[in-house]
Amino acid sequence: MGEADVSKADPSVTDWSAAHKELYARVAAEYDRQRSRAFFEKPWLDRLLAQVPTGGEVLELGCGAGEPVTRYLAEAGCKVTALDFAAPMLAIARERLPGVEFVEADMRELDLGKRFHGIVGWDSFFHLTEDEQRALLPRLAAHLAPGGVLLLTVGDKAGRVTGTVEGETVHHASLAFSDYGRLLDAEGCEVVAIVARDARCDFHSILLAAKR
């Protein structure tokens, strides 16, 4: 939910994920070509990696075409499982990163039967509605190993906004920071840091939490 996202979400779109899946699949190649490689995500990824053991398992939600986040996690020595629901995005990612395990799936139905030292949902988790986020947080906590770290981009305040991908509308939602803290606490996780509109990070709002 970046600086330009100032309008209200379109009420005529009732299934955000279906609309987003169709869009990202249709524009996969162009989106990958246009996606910033400035890598402003690095400072926060490094905070997560500092808590992941060497060779640790990391799950990425909404990996897209695999750059720059998936590549950085893999090159840092992590055993990466990267999930996305857009098959054309995954086709690009699999070709460029053959050593990564890619999974075509909807994060809302996450059930991999294993735990991870780190979970990253960068520019993906915030595409879910408020209720979908509330339902997913317990699933994320259940997939974290003790001491595991969760890194998500969220909104700077509770509410809904829209943005654009390749000139087309996408939807974003966020809970209040206090609600994220309360929900994670109930699942045995503690918020380590939560920052609204981090200027060092292209004004993304960041949530970092750890499993107790």
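Is F125 buried or exposed in this predicted model? With a relative accessible area of 0%, F125 is buried, where buried means under 20% relative accessible area, exposed means over 50% and partly exposed lies in between, for a 1.4 Å probe and protein chains only.

Residues are numbered from 1 along each chain as its sequence is written, and side-chain values use heavy atoms, with hydrogens and water left out. Because the model is predicted, local features need pLDDT of at least 70 and side-chain atom pairs count only at pLDDT 80 or more, whereas totals for chains, interfaces and linings use all residues.

The pLDDT is the predictor's confidence in each residue, from 0 to 100. For this chain the mean pLDDT is 94, and 94% of the residues reach 70 or more. Residues 1-7 have a pLDDT below 50, and this stretch has 20 contacts in the model beyond near neighbours in sequence; a contact means heavy atoms within 4.5 Å. Where pLDDT is low, the predicted coordinates should not be read in detail.

Helices (H or I, at least four residues) and strands (E, at least two) are DSSP runs, numbered from the N terminus. Two strands pair if DSSP finds at least two bridges between them. An open sheet is formed by 7 strands in the order 3-2-1-4-5-9-8, with mixed pairing. Strand 3 (101-104) and strand 8 are the edge strands, each of which pairs on one side only. From one strand to the next, the twist averages 15°.

Within strand 9, A209 is the bridge partner of V191, and H204 stands opposite D198. The hairpin of these two strands has 5 residues between the strands, and there D202 takes a positive phi near 55°.

Angles run from 0 to 180 degrees between N-to-C directions, and axes are lines fitted to C-alpha atoms, for helices over the stretch in contact. Helix 5 (residues 87-96) lies across strand 2 (79-84) and strand 3, at about 170° to strand 3. Helix 7 (residues 177-186) lies across strand 5 (144-154), strand 8 and strand 9, and runs at about 160° to strand 8.

Rings of Phe, Tyr and Trp (its six-membered ring) pair if their centres lie within 6.5 Å; planes under 30 degrees apart count as stacked, over 60 as edge-to-face and the rest as tilted. The count by this rule is 3 aromatic pairs. One of them joins Y24 and Y31 edge-to-face, at 5.5 Å centre to centre and 90° between the planes. Y24 is buried at 10% relative accessibility, whereas Y31 is partly exposed at 22%. The pair of F125 and Y180 is tilted, because the ring centres are 6.3 Å apart and the planes stand at 55°. This pair links distant parts of the chain, 55 residues apart: F125 is in the loop between strand 4 (116-121) and helix 6 (130-142), and Y180 is in helix 7. Y180, with a relative accessible area of 0%, is buried.

The whole structure contains 0 disulfides, a disulfide being a pair of cysteine sulfur atoms within 2.5 Å. The sulfur of C78 is too far for a bond, because the closest cysteine sulfur, in C63, is 15 Å away. C78 is buried, with a relative accessible area of 12%. C201 is likewise in no disulfide, and the nearest cysteine sulfur, that of C78, is 18 Å away. C201 is buried at 1% relative accessibility.
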